[in-house]
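Open the model in your viewer and keep the selection panel at hand.

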Amino acid sequence: MAIPPLFRLRGQALALAIALLVALAGCAPTRHYEAALVLQDFAAGAADSRLKRTTPEPVRQALAYTVAGRAHHADLYLPAALEGCTAPPPAQPGQDLAPRCPRAAVVAVPGAVPLGKDDPRLVAFATTMARAGFAVLAPEISGFRELRIRPADAQEIADAFAWLSRRPELAPDGRAGMAAFSYSVGPAVLAALQDDVRERVRFVVGVGAYYDLPRAMLFFTTGWFEHEGRWQTITPDDTGRMVLAYSSLDYLAAAPDREVFDRMVALRMRDPQADLAPLAARLSPGAQAVYALAVNTDPARFAELFARLPRAMREDIERLDLARHDLAPLQARLILVHGRNDNLIPYTESLALAAAVPAGQARVFLIRRVLGHVDMRVSDLFTWRFWREDLPDLWRLWRVIDLLLAERADDA
């Protein structure tokens with residue numbers, strides 16, 4: 001599942017929006033102004049921004065690390081030397097890390113996307129956060145590049161956090177948390193519940209989260225979701241169906257299933273209305289059960305089709321289902337962001353996740369129009385929609401960033 005975007009707004013609208021946010025911040029602490037600059041940098045992508053002009057380019061380096069005998073790989077993003085920081089530059093490969101005075105640390109996890117930690121949107125997010133003074137660790141999660149999700153994903157995220165948070169030069173005063181996107185919010189929350197890291201995870205920022213995984217699957221297969229007793233429907237993104245298909249390969253014995261799924265995806269990319277039945281007939285019985293669920297559009301049949309999935313697959317879905325876990329022991333603060341028009345995971349999932357943790361521990365920011373799931377769009381500056389709908393959304397995103405910056409040393 002793709003991670004949410006790193007906001008590409010029209011330059012004129014963005015400049016005015018940032019100016020308004022800064023004006024609204026008034027004489028508040030400097031952090032508020034910096035949050036506006038960070039939002040602008042997210043929005044600019046690779047283009048110029050004030051934050052880029054006023055901060056040196058962060059350093060990105062590949063590293064290998066081991067936790068409890070488990071070997072991992074990741075990219076570490078470090079801020080360039082801050083004012084008054086006398087630490088040496090980053091080490092060469094094979095040498096000990098030489099930190100550059102981060103003020104906090106964050107493990108950044110993409111959704112299940114083909115490029116994994118190298119997805120340009122995650123790279124842009126990590127680079128901007130490093131400019132804001134964070135040490136950012138982007139772990140390589142096994143299976144993400146093949147669009148496969150597994151309960152072991154939570155352990156890999158927990159290991160990344162354990163390694164990062166135990167390095168005081170990267171996480172001063174233990175200031176460390178997680179930022180996760182789409183599907184990976186679930187494993188990140190499960191990681192934050194683990195006994196060996198639970199007391200150290202200060203925050204989890206989740207964008208496009210799920211809570212009840214089967215209910216999220218019902219949505220991305222049929223497009224139906226329920227809120228306050230009323231059922232609603234939108235056309236879902238096909239990404240969820242693809243992840244369902246490829247994740248099933250770990251539970252299927254027939255080797256040709258992967259090739260058939262590949263051909264199905266390629267055919268539908270060329271022609272969204274293409275008939276897949278001839279290919280489906282070549283699938284193994286277990287894969288045909290997965291296919292039947294993936295193409296089903298009738299919510300009344302979901303439970304029946306879900307029950308036909310391979311047993312081991314259903315058991316792993318249960319392990320990843322946050323609704324089956326007691327979240328009361330969670331210590332981390334949750335900052336949840338969700339687009340009301342998300343067509344991959346409905347916004348109601350973030351509301352349910354917030355309701356499942358102790359009162360006051362989660363804050364939810366619903367983005368009414370600007371944010372979907374993988375796209376962000378802003379109306380033309382000279383429209384009423386920009387002023388009535390888009391600008392309030394930008395204000396909400398600014399508040400999210402301001403909360404995140406508050407986790408740094410000297411900002412608490």
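Select alanine 104 and the residues it touches: Gly133, Phe134, Ala135, Leu170, Pro172, Arg175, Glu407 and Arg408, leaving out residues up to four places away in sequence. Contact here means heavy atoms within 4.5 Å. This is a predicted model: local features need pLDDT of at least 70 and side-chain atom pairs count only at pLDDT 80 or more, while totals for chains, interfaces and linings use all residues. Residues are numbered from 1 along each chain as its sequence is written, and side-chain values use heavy atoms, with hydrogens and water left out.

Alanine 104 lies in strand S3, residues 104–109 (strands are DSSP runs of E, at least two residues, and helices runs of H or I, at least four, numbered from the N terminus). Alanine 104 is buried, at a relative accessible area of 0%; buried means under 20%, with a 1.4 Å probe and protein chains only.

Next, select Leu137, Met178, Met217, Met264 and Leu353, which touch the most other members of the largest nonpolar core, a set of 87 residues. A nonpolar core joins buried Ala, Val, Leu, Ile, Met, Phe, Trp, Tyr and Cys residues through side-chain atoms within 4.5 Å. Helix H5, residues 152–165, gives the most to this core, with eight residues. A second, separate core of 36 residues includes Ala104, Ala108, Phe134 and Phe365.

Finally, select methionine 217: beyond four places in sequence, methionine 217 is in contact with Leu244, Leu293, Phe302, Phe306 and Ile317.

Key. Buried means under 20% relative accessible area, exposed over 50%, partly exposed in between (1.4 Å probe, protein chains only).
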